[in-house]
Amino acid sequence: QLTKNLDLQGNSFTVIPAGAFLTTPYLTQLDLRHCKVEKLEEGAFRGLGRLVYLNLASNSIAFLYQESLDGLSSLQQLVLEENRIEEIQPGAFGHLGSLTVLDLRANALVYLPDMVFQGLQALRWLRLSHNALHVLGSEAFAALPALRRLSLDHNELQALPGEALARLDGATRLDLGHNPITYLAEEALTMSSLKHLFLDHAALQDIAPDAFAHSPQLRTLDLRENQLQGLPPLAGAGGLVRVSLAGNPLLCSCLLRPFHDWLARARVQAEGVCAAPPALRGRLLDSLRSLELRCSRRRPPPSPTTPSEQPRAAGSGQCPQGCTCSPDFHHGSCENRDLQEIPQGFPKDTRLLDLRRNTFRTVPPGAFPGLKELVSLHLQSCGIRVLHPGALRGLESLVYLYLTDNHLSTLAPAAFKGVPRLAYLDLDRNAFARLPTRSFQLLPNLISLHLQHNAIRQLAEGDLAGAGGLRWLYLAGNAIGRIAPAALAPAKMLEKLHLEGNRLGEVPTAALRGLPALSELKLSQNPIKHVWDGAFLPVASSLQHLYLDNTGLEQISPGAFAGLGPKIRSLYLERNKMSNLPNMSNFTGLEILNLREVPFHCDCQLLPLRRWIDKLNLRTGATCGSPAEARGLKVKLSTTFQTCPGWGRGEAGAASPDKAKAARKPSKKKRSGKSAARGFKKSRA
């Protein structure tokens, strides 16, 4: 019973049952490596309140459930390296308030949902290297106020996840090396405390001049082993000390002169070697004089494809003229080359093909011959109006297809013939007035469908026929006013449904039937004035995150949240017009409750809500809108409840006149909407 250090490496437990360590409550270190563990039952570590180190590396754990790690209130280091974790349920780490290091390296993570690390208030290092991450929720890192280092290297990120990273105000080191990131756009990174950025061994071909303008503390920038021929002067990076460009095909011509001169002015040390022209090949970047960086007037500007990139192994093909191909990364790119026809002749082992920002207008049948190994295809902003039947024929390995920012208004059923593995389809910002009916019957593995910011007016029965494996459906920013009762029925595995910014006048209760796995529902910014009884009953057993903010909501019926309870983790009701809420005492698992800018009427009828908010111990932002003497006060601090029957002595202390006076005191400076929003995000953390 007094054992403190327990080493159980190399056993065969398979399952760690609930209460497995109740007889050893004094454990501080527990090693369960190489034990063939497949499942952690809820409450497996309950009773280990003194444990500070837990190593579960090299097992076969596939899922982390909400209560799998319950009871580890003192845990500081958790090692889950080399498991088979594919999914983490939000709330899985909710009881690990002392954790400082979380190691999730070498798992099978593909996606990080919003608030997945909620509860890790003390976490300083999050290790997510060597997974298969390619999609990060915009709020994935929103609850990590103490994080200083984030390791995302060796993943499948094809673009810098700027929105997710912007939540990390205090992070000083970011590892993003060994990801297939090809371009850093304007203001790509907004991390005010970041000092060290590693983007080595990626696929970078270009970086915008102000990519780091909102990371003023940046000191070291590691860009080794990319495909950069040069860089522009980096605006806003005034604290930069060192840039490493070793292993890039640097073209030391007049095109590099502005960057070279900027290095001298900013006193930035640069590491790199010229690859061309021949006269300067092998010269160190910091040994060059500005006058040596010349462009020949007799010859045209050099091709964007460097000589070292063009030769290929026998039988593998060469790169189309005007494009770049990387044999090491199996990437091809013709981005922004003013092409009017899709080029052909890419190496047969190409896995990522970037054709963004051209003017193709149509994608003809058989447009990508011989690319059986292609995994990711980028066709954003190409003016495409027609995707012909058979256009993707032969792309049998294709998983990701990006058609954002085009002019597609319809899709023929045979448009997706030949891509049976397609899992992620992005059709945001096109011209669809309705879902492309029957287009998904040839996509049995479709997981994620983006149709945001189109002109879709309704979801009709049969629109999603064939989408039986769909898990994430994004329909924000359309004009949807009606969802037929059976419209979503084919997507029985749906987990996320985003409908914010549409024209729904009520909760589409009938359409939610038959969605037993739905965990996140966003109805923000719809004109929903009234939520009726039983509105969420069809998804009550699975729903965890509900967004009803900014709807103009005026009334919530007493039974509106019937069936919902401990599973709900986050509830967003801010910026609405109701003056009271129904009984929500069953919402015992809430981690986020946003009630900002709701004009509560602080009289005796609100007393049950006030008591419930007190017990939650969350920052809700609930404020009185009336009566006049309470307007502007926090609900928890209003003295209007003191005359109510049943007001207790303990409650009276919580709303003393001194506190009420302090709550009325105006701030010295009125914050803007953006700063107020940031303040709320911090308060949630």
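A salt bridge is a side-chain nitrogen of Lys or Arg within 4 Å of a carboxyl oxygen of Asp or Glu. D222 forms one with R224, and the closest N and O atoms are 2.9 Å apart.

This is a predicted model, where local features need pLDDT of at least 70, side-chain atom pairs count only at pLDDT 80 or more, and totals for chains, interfaces and linings use all residues. Residues are numbered from 1 along each chain as its sequence is written, and side-chain values use heavy atoms, with hydrogens and water left out.

The salt-bridge count is 22.

| Pair | N to O distance |
|---|---|
| D222 and R224 | 2.9 Å |
| D200 and R224 | 3.8 Å |
| R471 and E495 | 3.3 Å |

R224 also meets D200 in a salt bridge. D200 lies in the loop between β16 (196-198) and β17 (206-207), and R224 in the loop between β18 (220-222) and β19 (242-244), 24 residues apart. Strands are DSSP runs of E, at least two residues, numbered from the N terminus.

Burial uses relative accessible area: buried is under 20%, exposed over 50%, partly exposed in between (1.4 Å probe, protein chains only). D200 is buried at 10%. D222 is buried at 9%. R224 is partly exposed at 32%.

R471 and E495 form another salt bridge. This pair links distant parts of the chain: R471 sits in the loop between β32 (458-459) and β33 (472-474), E495 in the loop between β34 (482-483) and β35 (496-498). R471 is partly exposed at 22%, whereas E495 is buried at 18%.

Notes:
Helix = DSSP H or I, 4+ residues; strand = E, 2+ residues; numbered from the N terminus.
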